[in-house]
Amino acid sequence: MGALHVVGVRHHSPACARLVAHVIREVRPRHVLIEGPADWNERLDELRLDHTLPIAIFTFERGPARDHASWTPFCNYSPEHVALKVADEVGAAARFFDLPAWHPAFEGLRNRFADRLGLEERSHASRYVEALCRELGVDDVDTLWDHLFEQPMPLSALRERLATYFERLRADEPGGDRDGPREDFMAASVAWAMRDGGDVVVVCGGYHAPAIERLWEDASPAAPALDPSPPPDTRRGSYLVPYSEKRLDAFAGYEAGMPSPAFQEAVWTHGADAACEALLQRAVASLRAKRQHVSTADLIACLSVARGLAQLRGHAALARTDLLDAVASALVKDALEVPLPWSRRGPLLPRTDPLIVAVVSAFSGEQRGKLGAGTPRPPLAADVEAILAAHDLDPRATPREVRVRLADPRERDTSRVLHRLRVLGVPGIQRVAGPGFATDAELEERWMIVRHEDADAALIEAASYGGTLESAATARLEEGLIAAGASLARLAGLLGEAAFTGIDTLSSRVVGQIASAVASEPSLGELGEATHRLFDLYRHGDLVGASQALVLARVLEAAFDRGLWLLEGVSGAEAPADTGHLRAIVALRDLVRRGATLVLDVDRAAGVMERRSVDLDAPPAIRGGALGWLWSLGLGSEGADWVGLGLGSEVEAGSDAETGHAHVDVDVDGDGDLGDGDFGHGHGHGHGDVGDVGGFAALAVRGAARPSTLGDFLAGLFALAREEVLESAVLVGALDEVLQEMTRDDFLVALPSLRFAYSWFPPRERERFARRVLAHRGEDVGEARSLLSLPTDAARVAGGYALEARVDAIEAKYGLGPSEREEAP
């Protein structure tokens with residue numbers, strides 16, 4: 001039996017990569033076991049192709065019980081990548097010996113090489129690192145690592161130092177549910193390789209190294225087996241994808257390895273001192289490109305400070321933090337609002353100095369990987385290429401604009417292709433103009449299409465959702481809809497957006513989720529907004545597909561019932577108008593008016609609206625909206641309690657002896673006498689038949705004539721029955737008289753809500769309203785348009801009236817009325 005050589009490493013460490021290459025060349029083993037997914041051992045030749053690094057193995061498993069995706073990245077200085085290359089160089093058999101990424105041990109872990117320190121912050125390993133940082137006076141684990149291991153030293157000393165560090169880092173801490181199964185599998189792989197004869201070199205994360213050395217002798221020497229078959233109805237796959245230095249960077253949230261990938265690449269290629277000077281030059285060039293003034297003297301000062309810091313810290317060569325601290329010291333002129341990024345792990349904090357952001361970006365690098373020729377690609381990539389070619393949408397090096405007319409069925413197919421790519425997040429496909437919702441009136445889209453270097457990686461990663469563009473986009477949409485949970489507004493919005501892609505294939509489970517959300521939605525306003533959108537989709541069957549129209553019909557019927565129930569519960573006699581509530585009543589009206597194929601209990605709805613229209617505990621806008629609902633649909637029974645329409649007034653019902661018409665007399669001022677200011681038969685203000693909702697609307701305006709409630713009541717009425725109001729001379733006349741009778745103070749109180757109420761009329765209808773008012777007064781209707789605008793802003797006029805009122809109050813207080821002013825000397 002040969003010797004076992006376990007080399008514990010930190011992922012993406014240039015120093016560890018050098019050590020791995022040295023050990024393999026020195027030992028020339030029979031087997032090199034590398035931390036990586038064992039299900040890739042039959043596909044290692046794919047990693048040996050002529051790739052431009054960084055690249056990653058992307059693995060996914062999606063099914064009813066699990067939705068998992070993870071990456072195993074490699075760059076030029078990754079110890080795992082170097083181990084594979086040098087093993088081939090010396091003729092050793094290289095194998096990955098860790099569990100596949102789809103194994104439950106990796107649940108919730110998006111990066112195979114994630115640092116243990118980030119997973120369990122209060123573990124023994126974290127406490128050990130914290131103690132070591134305090135002892136050496138450094139900020140975090142990255143600075144600690146640079147100080148202890150990335151400085152020039154003999155490789156034998158580096159190996160001994162690493163072994164001591166990792167042994168104390170791990171101590172006797174158990175592997176647990178995550179690391180235990182992995183280390184058992186790795187130990188069994190080591191036992192198999194050792195039985196096969198010859199020396200064995202193991203390259204693994206340093207945290208695992210002590211455990212593997214302890215476990216392998218007791219492990220079974222049989223080659224560990226894997227069950228490659230996924231669960232039923234589950235997609236599982238694994239492909240190489242291009243990666244980037246930005247995604248490798250800890251400052252971008254990367255969970256493993258070394259920060260500042262461009263710096264580490266330069267160290268691997270040129271050595272520490274040369275890397276620092278090269279990266280400083282790159283950072284300065286980036287700053288100057290952003291018009292940040294950095295002089296040659298500043299550059300010299302940075303290098304001088306960096307070398308001084310390195311000497312002070314006992315560094316034989318410039319370290320990454322020596323240079324970064326020098327940049328902050330020599331170039332940043334203002335006080336910092338947040339700690340320096342390299343003093344902690346994780347993404348940059350808000351309010352980080354822009355100069356620091358630019359420097360960190362330069363150290364991160366711009367390198368993007370590229371897959372070598374012959375690399376297998378998932379079916380989705382080929383499907384997308386064929387579809388783009390068929391629609392003449394092939395991305396080119398120069399951006400081009402594509403215009404799509406949605407009214408043309410053939411061009412609508414083109415739009416669906418582009419929207420499906422957008423849903424999958426494929427870069428290089430951008431819509432610059434078009435409707436915000438699939439049923440909006442706008443009928444043209446404009447897209448910009450350009451070849452993007454990250455598009456291939458995005459398509460490969462999107463293959464986890466399906467093998468074709470349609471199936472992948474549908475699965476991605478379903479994921480978003482399910483993630484929306486019970487938020488009806490989000491669900492309806494996402495479903496509406498899905499119509500851009502063609503949602504015929506959305507599962508009934510998703511639409512059923514929307515139906516459940518409808519049944520439990522607590523907000524009338526949210527329900528109304530969602531109902532508007534769902535009804536738009538239902539009416540445009542060419543967008544939703546015939547297979548879903550029936551399901552949406554059941555959802556809308558449930559929304560109608562839920563809306564009536566929620567409307568019954570809205571209370572507050574003084575509550576202001578709520579636009580969401582009014583839009584909800586409009587939606588309930590539209591379902592009756594335009595949903596001819598829907599099964600709706602209209603009689604029940606009419607009963608709800610009649611009760612709400614006369615309910616003195618209901619908000620005025622709800623009362624007006626309920627009355628408008630009835631009026632706009634030509635409903636309203638003779639048994640309705642219309643006398644309740646007079647808010648705060650006495651109402652007397654009777655019949656006209658001469659005509660036999662029913663009438664309602666309204667004692668608006670509440671004095672018990674139908675005198676001046678009251679509205680009733682015999683006063684010339686109008687009357688209406690009991691079955692004439694418009695006539696009773698005129699009475700209701702009189703009944704709601706209090707300044708604090710009139711505008712809100714009218715807002716509800718106008719929101720639902722604009723056309724009916726414009727055609728009712730009785731109501732327009734009654735409203736004109738109510739406003740004429742108001743005092744100036746009352747009018748100022750009513751003005752804000754009145755302006756809101758009239759905002760429901762578009763400009764052309766406001767002119768019709770003005771013509772009605774002029775006709776009622778017997779004046780020239782040709783002057784109607786001149787009433788639509790004031791020579792100055794209405795708010796300024798109202799403010800002037802309010803100022804005059806305050807002046808009058810002060811005059812009255814001090815006895816300075818007009819007569820007193822006239823008599824004053």
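**Exercise 1. Which strands does helix α8 lie across, and at what angle does it run to β5?**

Solution. 
Step 1. Find helix α8 at residues 176-195 in this predicted model.
Step 2. List the strands it lies across: β1, β2, β5 and β6 (200-205).
Step 3. Compare directions. Helix α8 runs at about 155° to β5.

**Exercise 2. In what order do the 4 strands of the open sheet stand, and is the pairing parallel or antiparallel?**

Solution. 
Step 1. Read across the sheet. The order is β1-β6-β2-β5.
Step 2. Check the directions. The pairing is parallel.
Step 3. Look at the edges. β1 (4-9) and β5 (93-98) stand there, each with a single partner strand, so one side of each has no neighbour in the sheet.
Step 4. From one strand to the next, the average is 25°.

**Exercise 3. How many bridges join β2 to β5, and which residue in β5 does Pro-37 stand opposite?**

Solution. 
Step 1. Locate β2 at residues 31-37.
Step 2. Count the bridges to β5. There are 5, and the two strands run parallel.
Step 3. Go to Pro-37. Opposite this residue, in β5, stands Asp-98.

**Exercise 4. Describe how helices α5 and α6 pack.**

Solution. 
Step 1. The crossing is left-handed.
Step 2. Name the residues that meet. From α5 come Val-129, Leu-132, Cys-133 and Leu-136. From α6 come Val-141, Leu-144, His-147 and Leu-148.
Step 3. Sort them by class. The contact of α5 with α6 has 7 nonpolar residues, 1 polar residue and no charged residues.

**Exercise 5. His-12 and Arg-28 each have a positive phi. Where does each residue lie, and is each buried or exposed?**

Solution. 
Step 1. Recall the background. Most residues other than glycine have a negative phi.
Step 2. Take His-12. Its phi is near 65°. His-12 lies in the loop between β1 and α1 (14-27).
Step 3. The relative accessible area of His-12 is 2%, which is under 20%, so His-12 is buried.
Step 4. Take Arg-28. Its phi is about 50°. Arg-28 is in the loop between α1 and β2.
Step 5. Judge again. The relative accessible area of Arg-28 is 52%, which is over 50%, so Arg-28 is exposed.

**Exercise 6. Which residues does the cis peptide bond join, and where is Pro-54?**

Solution. 
Step 1. Recall that most peptide bonds are trans.
Step 2. Find the cis bond. It joins Leu-53 and Pro-54, with omega about 10°.

Methods
Residues are numbered from 1 along each chain as its sequence is written. This is a predicted model: local features need pLDDT of at least 70, side-chain atom pairs count only at pLDDT 80 or more; totals for chains, interfaces and linings use all residues. Side-chain values use heavy atoms; hydrogens and water are left out. Axes are lines fitted to C-alpha atoms, for helices over the stretch in contact, and angles run from 0 to 180 degrees between N-to-C directions. A crossing is left-handed if the near helix is turned anticlockwise from the far one by less than a right angle, and right-handed if clockwise. Contact means heavy atoms within 4.5 Å. Ala, Val, Leu, Ile, Met, Phe, Trp, Tyr, Cys and Pro count as nonpolar, Asp, Glu, Lys and Arg as charged, and the others, Gly among them, as polar. Two strands pair if DSSP finds at least two bridges between them. Buried means under 20% relative accessible area, exposed over 50%, partly exposed in between (1.4 Å probe, protein chains only).
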